[in-house]
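User: I would like to go through some labels used for this protein. Please show me the sequence and structure before we start.

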Amino acid sequence: MTEETPGFDEKPDVPSGATPDDAEPKAAAPSSEEGAAPAGDASENAGLVAQLDQVRTALNERTADLQRLQAEYQNYRRRVERDRVAVKEVAVANLLSELLPVVDDIGRAREHGELVGGFKSVAESLETVIAKMGLQQFGKEGEPFDPTIHEALMHSYAPDVTETTCVAILQPGYRIGERTIRPARVAVAEPQPGAQTAKPAEENTEAPADSAENDGNAGNTGNTGNAGTAGNKESGGPDEG
């Protein structure tokens with residue numbers, strides 16, 4: 001018969017030189033690490049928030065730069081468009097200035113009845129083209145003289161005007177929009193000097209004449225009365241009675 005060896009309780013392996021009680025603190029160690037984990041997460045979140053603020057600041061700066069660049073580009077486009085229009089107006093004005101003598105010749109031919117036949121068709125076509133380009137004629141008789149758009153070549157005095165007036169258009173003026181290409185060359189007339197003060201003086205001279213006439217009439221009446229009285233005395237009529 002075989003004898004059974006008495007059994008024994010199994011125990012965890014313990015490193016050499018260590019007591020069984022040393023294994024218990026190891027079991028409690030994870031709880032201390034779990035308590036330190038939230039502090040690390042908070043510092044990491046603070047770093048992410050700081051980076052996010054930096055990104056937002058950089059984004060705002062880039063957005064402001066883009067808006068400023070867009071505004072500068074819009075101003076540049078407006079300036080270029082304005083300069084383009086100005087250059088076009090100057091070019092058109094220079095061209096039409098060279099054609100004004102031809103337009104004047106056409107006007108003189110029309111006044112003398114010489115604008116007939118093929119020359120009339122050509123002249124009308126030319127006038128249509130320059131009108132489309134914006135050329136406008138100005139200057140009329142009877143309008144007040146304006147030195148900014150009129151050039152006075154002749155001067156005279158007239159009793160029927162109250163201010164400096166254009167009485168004759170010697171050469172019409174032309175403009176493009178607000179730009180005057182050539183002023184209207186006119187003859188002007190001004191009121192006669194002293195015309196306003198002459199009438200009161202004449203009225204004052206007429207009054208003494210009327211008074212002198214009245215005085216003369218009164219004197220004649222008095223003399224007539226005296227003569228009648230003397231005649232009655234000589235006849236002896238009323239006094240004798």
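User: Why is Leu-115 called buried?

Analyst: Leu-115 has a relative accessible area of 10%. Buried means under 20% relative accessible area, exposed over 50%, and partly exposed in between (1.4 Å probe, protein chains only). The value of 10% is under the cut-off, so Leu-115 is buried. This is a predicted model, where local features need pLDDT of at least 70, side-chain atom pairs count only at pLDDT 80 or more, and totals for chains, interfaces and linings use all residues. Residues are numbered from 1 along each chain as its sequence is written, and side-chain values use heavy atoms, with hydrogens and water left out.

User: Where is Leu-115, and what does Leu-115 touch beyond its neighbours within four places in sequence?

Analyst: Leu-115 lies in the loop between α1 (23-111) and α2 (117-132). Helices (H or I, at least four residues) and strands (E, at least two) are DSSP runs, numbered from the N terminus. With those neighbours left aside, contacts of Leu-115 (heavy atoms within 4.5 Å) include Ile-106, Ala-109 and Lys-120.

User: What makes Thr-165 buried?

Analyst: The relative accessibility of Thr-165 is 10%. That is under 20%, so Thr-165 counts as buried. Thr-165 belongs to strand β3 (residues 165-171). Not counting residues up to four places away in sequence, Thr-165 touches several residues, among them Phe-145 and Val-188.

User: How much of the protein is buried?

Analyst: Buried residues are 13% of the 241 residues.
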